[in-house]
Protein chains: 2
Amino acid sequence: MKYPEAIDSLIEALRKYPGVGRKTAERYALYTVNRFSEEDIDNIVSAYLKIKEDIFKCPICGNITDTDPCYICKDESRDQSTMIVVEDARDIIVMEKINKYHGLYHVLNGAISPSEGVGPEDINIKGLLERLKNEAFKEVILATNLSNEGEITAQYISRLLEGTNILVTRIAHGIPAGGNIEYADEITIFKAIEGRRKI
Amino acid sequence: MKYPEAIDSLIEALRKYPGVGRKTAERYALYTVNRFSEEDIDNIVSAYLKIKEDIFKCPICGNITDTDPCYICKDESRDQSTMIVVEDARDIIVMEKINKYHGLYHVLNGAISPSEGVGPEDINIKGLLERLKNEAFKEVILATNLSNEGEITAQYISRLLEGTNILVTRIAHGIPAGGNIEYADEITIFKAIEGRRKI
């Protein structure tokens with residue numbers, strides 16, 4: 001069995017996506033051939049080209065954006081004294097969906113990982129320190145993941161900021177909303193107990 | 001929360017794929033932004049454009065192809081007297097993978113479905129009859145699906161060919177290889193018993 005070369009190329013290109021193996025990529029490619037109109041193909045092609053042309057990282061916070069600065073950094077009505085530090089620009093999207101936080105962000109683009117050889121100089125900590133020096137932040141909320149890497153990164157940053165006037169906090173970890181204690185893993189239960197609050 | 005327009009366009013374009021909902025499309029689009037190099041984007045764009053430019057349906061059998069006729073129809077070493085009739089060009093790919101059948105194919109591009117208003121004139125039965133009239137087929141193997149639509153379509157075609165010299169056969173249905181009878185559905189078990197052969 002063989003596919004025409006154009007189909008093989010599309011299968012290979014689609015396999016780059018996370019969780020897309022050979023079979024899924026084949027299914028998508030054949031669906032493209034069988035069900036996509038010329039207009040559908042034009043739309044997806046122009047979307048990819050727009051990503052390449054229009055999207056970049058905000059030079060201030062590292063958020064993905066098509067404006068300089070991004071819509072968060074340029075919004076003067078937001079609280080200029082609070083910053084949430086995240087590993088990935090996707091985390092900003094999740095947090096903005098909640099529509100409860102109105103401060104600024106900083107994207108590290110990764111986390112410190114000794115096992116993978118990712119050091120502090122490989123993620124955007126330098127940019128973070130510069131912002132904290134020049135802008136009037138009162139609180140930095142560390143919202144890196146609850147992985148080893150995220151914890152190491154949070155520890156590292158909090159130590160760097162010791163002795164400054166900036167309040168450094170860590171987002172709460174615990175049992176998720178609607179979560180069943182029975183099914184929670186040990187670290188989560190430990191964090192939930194450790195982070196207990198008076199009610 | 002809002003995405004830059006280019007990302008929204010890509011999310012919408014990717015949602016066209018089967019099984020890709022909003023969340024998956026978001027994940028793919030953000031992966032594109034965060035992890036695809038310019039070259040990766042160029043590759044996927046040129047793959048889509050090649051699909052549009054190079055791929056068409058074989059005018060003889062309806063297979064998806066970039067040559068006229070397709071590599072199967074133009075291969076004179078294949079058995080020109082046997083044809084497998086399938087609903088979809090993807091079925092050809094599956095059958096060719098086995099590398100056991102060396103005859104020709106015909107793609108109906110669908111199946112008769114009274115409930116969805118798809119009649120015999122809406123699928124490529126006309127082309128099938130023309131081929132059977134003009135070419136020297138001795139056997140037509142109906143390999144439409146074991147769905148209601150596939151069965152109706154197979155019945156319909158077999159009735160059209162009554163009184164001709166062409167042997168009309170239907171692929172065997174039964175318990176799949178390695179399949180457990182306990183877990184087979186009733187229709188499959190019925191078909192397996194009905195299709196029993198002397199050993």
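Okay, let's start with helix α4 of chain B, residues 89-98: its buried residues are A89(B), D91(B), I92(B), I93(B), M95(B) and E96(B). Buried here means under 20% relative accessible area, with exposed over 50% and partly exposed in between, using a 1.4 Å probe on protein chains only. Helices (H or I, at least four residues) and strands (E, at least two) are DSSP runs, numbered from the N terminus.

Quick housekeeping. This is a predicted model, where local features need pLDDT of at least 70, side-chain atom pairs count only at pLDDT 80 or more, and totals for chains, interfaces and linings use all residues. Residues are numbered from 1 along each chain as its sequence is written, chains are lettered from A and ligands numbered from 1 in the order written, and side-chain values use heavy atoms, leaving out hydrogens and water.

So what do the buried residues of α4(B) pack against? They meet α2 (22-35) of chain A, plus β2 (64-65), β3 (82-86) and β4 (104-107) of chain B. Contact, by the way, means heavy atoms within 4.5 Å.

Helix α4 of chain A packs on α2 of chain B at about 140°, axes 11 Å apart. Axes are lines fitted to C-alpha atoms, for helices over the stretch in contact, and angles run from 0 to 180 degrees between N-to-C directions. α4(A) and α2(B) are therefore oblique; under 35 degrees would be roughly parallel, over 145 roughly antiparallel, 65 to 115 roughly perpendicular, and the rest is oblique. On the α4(A) side you've got R90(A), I93(A) and K97(A), and α2(B) brings E26(B), L30(B), N34(B) and R35(B).

How do the chains relate? A 180° rotation with 0.0 Å of shift along its axis puts chain A on chain B, RMSD 0.1 Å, superposed by least squares on C-alpha atoms of residues with pLDDT of at least 70 in both. The two copies are thus related as by a two-fold rotation axis. In chain A, V45(A) has the C-alpha nearest that axis, at 2.7 Å.

Most residues other than glycine have a negative phi, and most peptide bonds are trans. D68(A) and P69(A) are joined by a cis peptide bond, omega about -5°, and P69(A) sits in the loop between β2 and β3 of chain A. The bond from D68(B) to P69(B) is cis too, omega near -5°. N109(A), not a glycine, has a positive phi of about 60°, and is partly exposed at 37%.
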